[in-house]
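Biologist: I am new to this structure and would like to learn how to read it. Could we go through it one feature at a time?

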Amino acid sequence: MVSPIRRALRLPALATLVAPLVAQLPGSASAQPQPVPDTIEAHLAAGKNAAGGRDNTPDFYGLVTALCVAPQRGAPPPDAPAPREDPNRKMAYMQPKQAFDDLYWMGTESVSAWLLTSNDGYILYDTANVYDAEDVLVGGMQKLGLDPAKVKYVIVSHGHRGESGGAYIFQSRYGAHIVTADWDLIEGSLYGYPTGKPKRDIVATDGMNLTLGDRTVTLYQTPGHTPGTISGIFQVHDHGKPLTVVYSGGTEFNFPNDVAHFDQYLASERRLAALAQAAGATIIINNQSEFNGAADKLRILSDRQVDERHPLDVGAEAVARYFKIEDECAQAQRLRIMAEPARGG
Ligand SMILES: [Zn+2]
């Protein structure tokens, strides 16, 4: 039991502790977002807290897991072995879905590819893994009643295997133009394309408007995840209502883990967050379903009632939280690297 004397001694200290907390309560005149202390722990906590979930918005737990809990590190080398063909790969295939009036999803539980339709053909956004592309993309479009030969442009957000694996099919078989800024990475890969490597085609530049019929995708260079990662902003329609989408092109930390690469990643993501906010983006999509819950949300969509919001239309505030998770957990990883002893250059 605490003696009365000690209790009395504690009181002033407690009062000084409580006073600043009271001043920060919402609604008080001095309520301000507190800056995140520049420590690994504080950045991780801020990133995790941005996942949502405490106000019926459990949007981005997968992103938090990938960036804050179990981040990857290190880039695959150019002579990385060829991808293996998983005999059980079809177990992960999911039914393709119409997401919006003019946007379709095809993928697996982890990998997403998206198809934007126009009145003059289709833009395919990312192309799945090499052994999945035929079934997931070509087969997926056929299941959706869409003709793969109408794909005019293929945007490859970056040159990793889950995004570029199927590009060759659309270039060689259907004559689609491939648009990416990661041609050097693709060309430098020795074994990454065992069924055919796409030939250098359109080089995506910053601010490029890719227009097909009545649809335009504006592309932005967002290097970091890879040297040529590109992101995009475009409109889709939900029962005729236009909504703005930001497509985040590269996410995880599987790049050379040094301060310079994290500085580049952070600059790109901060710029894309600002561009998305300025464009009024309320939807964030990407190449991996685990980051934004696309596969699950598109199954929720089939139960949607007339007055319910589209599950992928998470709102501008949630889109900002997505980028905050990337930002805070990249800062944490950057500090971690700075604290590590030198690892042989
Ligand atoms: Zn990647």
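Biologist: Which unit do β6, helix α7 and β7 make, and of what hand?

Modeller: Keep in mind that this is a predicted model. In it, β6, helix α7 (residues 183-188) and β7 make a β-α-β unit, and the unit is right-handed.

Biologist: How many bridges join β6 to β7, and which residues are partners?

Modeller: Strands of a sheet pair through backbone hydrogen bonds, in either a parallel or an antiparallel way. Here β6 (residues 177-180) and β7 run parallel and are joined by two bridges. Val 179 has Ile 202 of β7 as its bridge partner, and Thr 180 has Val 203 of β7.

Biologist: What about β5 and β6, and how do they pair?

Modeller: Three bridges link β5 with β6, again in the parallel sense. Val 154 is found opposite Ile 178 of β6.

Biologist: In what order do the strands of the sheet stand?

Modeller: The order is β1-β2-β3-β4-β5-β6-β7, seven strands in an open sheet with mixed pairing. The edges are β1 (93-100) and β7 (202-203); each has a single partner strand, so one side of each has no neighbour in the sheet.

Biologist: Which strands does helix α4 lie across, and which does helix α10?

Modeller: Helix α4 (residues 133-143) lies across β1, β2 (103-108), β3 (112-118), β4 (121-125) and β5 (151-155), and runs at about 135° to β2. Helix α10 (residues 294-301) lies across β1, β2 and β3, at about 65° to β1.

Biologist: Are His 158 and His 160 buried or exposed?

Modeller: Both His 158 and His 160 are buried.

Biologist: Where does pLDDT stay under 50?

Modeller: That is the case over residues 1-30, for which the model has 10 contacts beyond four places in sequence. For the protein chain, the mean pLDDT is 89, and 88% of the residues reach 70 or more.

Terms used: Residues are numbered from 1 along each chain as its sequence is written. This is a predicted model: local features need pLDDT of at least 70, side-chain atom pairs count only at pLDDT 80 or more; totals for chains, interfaces and linings use all residues. Side-chain values use heavy atoms; hydrogens and water are left out. Buried means under 20% relative accessible area, exposed over 50%, partly exposed in between (1.4 Å probe, protein chains only). pLDDT is the predictor's confidence in each residue, from 0 to 100. Contact means heavy atoms within 4.5 Å. Two strands pair if DSSP finds at least two bridges between them. Helices (H or I, at least four residues) and strands (E, at least two) are DSSP runs, numbered from the N terminus. Axes are lines fitted to C-alpha atoms, for helices over the stretch in contact, and angles run from 0 to 180 degrees between N-to-C directions. A crossover is right-handed if, with the strands pointing away from the viewer, the path from the first strand over the helix to the second runs clockwise.
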